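I opened a notebook for this structure and wrote down each item as I looked it up. The entries follow in that order.

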Amino acid sequence: MKKIIALALVLTLVLTLFAGCGKKADANSDLKYVKDKGTLVVGITDFAPMDYKDASGNWIGFDADMAAAFAASLGVKVEFVEIDWDNKVLELDSKNIDCVWNGMTLTSEVTAAMSCSKPYCNNAQVVIVPAAKAADYQTSESCADLQFAVEAGSAGEAEVTALGYSCTPVQSQAAALMEVAAGTSDAAVIDSLMAAAMVGEGTGYADLTYTAKLNSEEYGVGFRTGSDLTAALNDFFAASYKDGSMQACADTYGVTAALIAQ
Amino acid sequence: MTFLQQLPIVFGALNVGFLQTLKLFGITLVGALPLGLIIAFGSMSRFRPLSIVTRFFVWIIRGTPLMIQLLIIFYFPSMALGQPIWGSGENGRFAASAAAFIINYACYFSEIYRGGIQSIPVGQLEAGQVLGMTRGQIFVRIMLLQVIKRIVPPVSNEIITLVKDTALARIIALQEIIWAGTAFLKGSQGISGQVWPLFFTALYYLVFSGALTLLFGWVEKRLDYFRG
Amino acid sequence: MILLEVNNLQKSFDGSAVLKNISFSMEPGQVLAIIGSSGSGKTTLLRCLNFLETPDAGEIIVKGQKLLGGASEEQIRKNRLHFGLVFQNFNLFPQYTALENITLAPSLLGLGSKQELRDNAMRLLEQVGLRQKADFYPYQLSGGQQQRIAIARALALRPEVLCFDEPTSALDPELTGEVLRVIRGLKNKDNTMIVVTHEMEFARSVADVVIYMADGVIEEMGTPEEVFEHPRSEKTKAFLRGAASVL
């Protein structure tokens, strides 16, 4: 018996290495699977203004409210689960969550590993510098000599690397902000929606501000590859844009300017 | 938000996280201390296949990072079966973390037990035998306390390591105290970019491991009445 | 009357014979001293009698009852109770006091009430001259005192034959006397004993029968006078000359 366990463990180790490659389309309908169990499990991180907790501990935000509405349209309950962002594909494939709905930038890596909805929000990678020095770094060219901190594997890292600027990859976008605040890096590159919520007056980083826009990109929702939930969500987005409920929700969380017409 | 307004929010979240840390710590000890003894007996078994397989298993577990074991235990069975096996939400993550920690620590404990048992002079066993004691009596009445005395220092070392290792469970998003601390760095409950809550978690660990150190010191003192 | 009879006992380790056809018998109250150089098999013989080793062949008969044979674990445990063994290294249990070392086995075997066992243990402590050390832990006692406690511990089970495996070898020379005095005292109380020893003078003065073992066989057996004064075998003579020159 123990030998079998040991063998299983070795196999598991090997298989996990390949798990990232072996994507299998679900034989059965994902929509049916979610309806049968009666719950849509939404993988999120704490990320204002998309997904965050209100004073009584309930998940709110533009993404959270839309996810709740989508679940209601399917006739199932919504359940939010905080995940480690690095493991989002594992979480999907192991069915611990049914979708990733958390201001996820639609990069080529993301669209390859998941079935993604149509984009619903515009985003950009922006340069974060101390407010006192902001005047000198308004364009991407003027930032050439700065030492950047970027989230490893992020769209920001890709942009900075493409420009040929020197950068330090760190654990998260928040950690990149910390680098600038602590002075260990000159600048950081993060999502503009996050920047709007996290830097500037009235935030934890009042001394920082954002300047140059390095690119523009879009947010989407990710499902398991081959999932028919993607089409269901696209239909839902179109309907709620048409009846104005999506715009109303965006207004609530101050992301109207970034909303993409469905 | 002023610092004084942030304090109750941060402490509330850290306390919730620390409770999860304590739960994982406690259940790991409750499971791993006895399971370690079973594994130790397996690895010392005179039935060769059993001892070989057990030692192989211990080698695998001790030879791979706990972080990888957590990922495998939580994600792999569900991927293989196409069905989440650990239950939904925080409870499922806790169950998977507990399983991984119990298995991992049981293997470490088993090696400490084995070393402790094998370090007792064979004369103690033989003295019990010639006095007509059964194997069970010899283990319980003669060996056990001597073994415990010898293994208290290494076991307490391992237990204090466990306190801090519980933080690894955040890899499968178990919301223990480090997770709770980093949340305020990323932004949570209206507080963002604050690193002090994360640094503050160290204080929780420090106080808790301090209490454990005192406890183990007391146990060692209690066993000081004999030598050998 | 024969108390103990050993017939054709054989034992080998990894193909090399350590005991070859050992046979002897003992009457109640007799003291048998076994001498011989190290590696001659005398310790293995004692361990076979106490079932710490399983003989390859031969019989051990106590009071006409054959002990070898259907050796389940339970049977071996019962067989052992006919014999007591005092080890070279005492092997007292360090976590128990002198008194507890003595009462532990009898209480596990249910040989009497707590008070009876305690009284008996105190009598035995008296007998080995350590009544005042009853509540001392082994590490608080000298080697000689520990060995005397070990003797009391073995006596507590009232074995039919009490065996000593070089009881003074691990002791400093000045401590051997107290242990030998205790063993001599036991002889006066008609205990049947087998003593493996290097103490020739002690063997000569206390033993009724002396066995000289060499290379796994009984080379010489007889009264102390026969073995020490008129040895027949050349090997015995050589051994005794060697032992004498050491002294």
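**A helix pair in chain B**

I started with two helices and found that α3(B) passes α4(B) in a right-handed crossing. The model is a predicted one, so I kept the confidence limits in mind. Two packed helices are described by the angle between their axes and the distance between the axes.

From α3(B) I noted L66(B), Q69(B), L70(B), I73(B) and F74(B). From α4(B) I noted R93(B), A96(B), S97(B), A99(B), A100(B) and N104(B). I sorted the residues of this contact by class and got 7 nonpolar, 3 polar and 1 charged. An α-helix has 3.6 residues a turn, so residues three or four places apart point the same way.

**Chain B as a whole**

Chain B has 8 helices and 0 strands. From the N terminus on, I read its elements as α-α-α-α-α-α-α-α. Its C-alpha atoms fill a box of roughly 75 × 50 × 25 Å along the principal axes. I found 40% of its 228 residues counted as buried. For contacts in chain B with a separation of 6 or more, I noted that 73% join residues 24 or more positions apart.

**F226(B)**

I picked one residue and placed F226(B) in the segment after α8 (196-222) of chain B. Is F226(B) buried or partly exposed? I counted 17 other C-beta atoms within 10 Å of F226(B). Buried would take 20 or more. F226(B) is therefore partly exposed.

I also checked F226(B) against Q146(B): they are 80 residues apart in sequence and 9.1 Å apart in space, C-alpha to C-alpha. Leaving out residues up to four places away in sequence, I found that F226(B) touches P94(C), Q95(C), Y137(C) and Y139(C).

**Helix α3 of chain C**

I moved on to chain C and its helix α3, residues 98-108. I found 8 of its 11 residues buried, so the helix is largely enclosed by the rest of the structure. The buried residues are A98(C), L99(C), N101(C), I102(C), T103(C), L104(C), A105(C) and P106(C). What covers them? I found α6 (135-165) of chain B among the covering elements, together with α4 (114-127) and α5 (143-155) of chain C. After α3(C) comes G110(C), and I read a positive phi for it, near 65°.

**Domains of chain C**

I looked up the domain assignment of chain C: domain 1 is 4-82 + 159-246, and domain 2 is 94-158. Their C-alpha centres lie 25 Å apart. The contact takes 11 residues from domain 1 and 11 residues from domain 2. On the domain 1 side, helix α6 (residues 173-188) of chain C gives the largest share, 4 residues. By class, I found that side to have 9 nonpolar, no polar and 2 charged residues.

**Chain A against chain B**

My last entry is an interface. I found 35 residues of chain A in contact with 31 residues of chain B. The largest share of the chain A side, 10 residues, comes from α1(A). That side divides into 19 nonpolar, 7 polar and 9 charged residues.

Notes: Residues are numbered from 1 along each chain as its sequence is written. Chains are lettered from A and ligands numbered from 1 in the order in which they are written. This is a predicted model: local features need pLDDT of at least 70, side-chain atom pairs count only at pLDDT 80 or more; totals for chains, interfaces and linings use all residues. Two residues are in contact if their C-beta atoms, placed from the backbone, lie within 7 Å. Ala, Val, Leu, Ile, Met, Phe, Trp, Tyr, Cys and Pro count as nonpolar, Asp, Glu, Lys and Arg as charged, and the others, Gly among them, as polar. A residue is buried if 20 or more other C-beta atoms lie within 10 Å of its own, exposed if 12 or fewer, and partly exposed in between; C-beta atoms are placed from the backbone. Domain bounds come from an automatic or database domain assignment. A crossing is left-handed if the near helix is turned anticlockwise from the far one by less than a right angle, and right-handed if clockwise.
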